[in-house]
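Please look at the sequence and the model side by side before reading on.

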Amino acid sequence: MKKIILVALIGFGAWNYYTKNVDSTPNPMPRSSGIAETRREAPVHTSQTSFRCDGRQHCSQMTSRAEAEFFIRNCPNTKMDGDRDGIPCENDSRF
């Protein structure tokens, strides 16, 4: 019984550490697979809004359709346009 409690406490401590230190900030520069990549970090300003590439990749991390469109046009490694038709987050009901 003591071993089970000890394992549970270690697991809880590891999960607490992970949620506070690893999962709280997005990774601004994903690790490369060894292939040279060109990162576009410069912000693109429009008359209405301005966004910048900051490492976000998924629809759940976007606040608007315009932001998602900016990311798929200007930022590398996005995962928001599964059918590659240029329309991001088609199944996201928030937009």
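UniProt positions are given here in the numbering used for this chain, and such annotations may be inferred rather than shown by experiment. With that in mind, the unreviewed UniProt entry carries the annotation "domain: Excalibur calcium-binding" for residues 55-90. The model itself is predicted.

A disulfide is a covalent bond between the sulfur atoms of two cysteines. How many disulfides does the structure hold? There are two disulfides. One of them joins Cys 53 to Cys 75, with an S to S distance of 2.0 Å. Because Cys 53 belongs to the loop between β2 and α2 while Cys 75 belongs to the segment after α2, this pair ties together parts that are 22 residues apart in sequence. The torsion about the S-S bond of Cys 53 and Cys 75 is about -90°, and the disulfide is therefore left-handed. Cys 53 and Cys 75 are both buried.

Another disulfide connects Cys 59 and Cys 89, where the S to S distance is 2.1 Å. Cys 59 is in the loop between β2 and α2 and Cys 89 is in the segment after α2, so the bond ties together parts that are 30 residues apart in sequence. The link of Cys 59 and Cys 89 is left-handed, with -100° about the S-S bond, and both of these cysteines are buried. When bonded cysteines are counted along the chain, the disulfides follow the pattern 1-3, 2-4.

In soluble globular proteins, nonpolar side chains tend to be buried together. Here the largest nonpolar core has ten residues, among them Cys 53, Cys 59, Cys 75 and Cys 89, together with Phe 70 and Met 80. Helix α2 supplies the largest share of this core, three residues. Phe 70 is located in helix α2, and it counts as buried because its relative accessibility is 4%, under the 20% limit. Although Phe 70 and Cys 53 are 17 residues apart in sequence, their C-alpha atoms are 8.8 Å apart in space. Met 80, for its part, touches several residues beyond its sequence neighbours, including Cys 59, Met 62, Phe 71 and Gln 57.

A polar atom of the Gln 57 side chain lies 3.2 Å from the backbone oxygen of Asn 77.

The charged side chains complete the picture. Which residues does Arg 56 meet, among the three salt bridges found in the whole structure? Arg 56 meets Asp 54 in a salt bridge at 3.0 Å, N to O, and it forms another with Glu 67, whose closest N and O atoms are 2.6 Å apart. Arg 56 counts as buried at 18% relative accessibility, as does Glu 67 at 5%. A further salt bridge joins Asp 92 and Arg 94, with the closest N and O atoms 3.0 Å apart. Asp 92 counts as buried at 15% relative accessibility, whereas Arg 94, at 48%, counts as partly exposed. Shared partners join Asp 54, Arg 56 and Glu 67 into one network of salt bridges.

Technical notes:
Residues numbered from 1 in each chain as written. Predicted model: local features only at pLDDT ≥ 70, side-chain atom pairs only at ≥ 80, totals over all residues. Heavy atoms only, no water. Salt bridge = Lys/Arg side-chain N within 4 Å of Asp/Glu carboxyl O. Buried < 20%, exposed > 50% of the residue type's maximum accessible area, 1.4 Å probe, protein only. Polar contact = N/O pair within 3.5 Å; in protein donor to acceptor, adjacent residues only side chain to side chain. Core = buried A, V, L, I, M, F, W, Y, C linked by side-chain atoms within 4.5 Å. Helix = DSSP H or I, 4+ residues; strand = E, 2+ residues; numbered from the N terminus. Contact = heavy atoms within 4.5 Å. Disulfide = S-S within 2.5 Å. Lists of a residue's contacts leave out its neighbours within four places in sequence.
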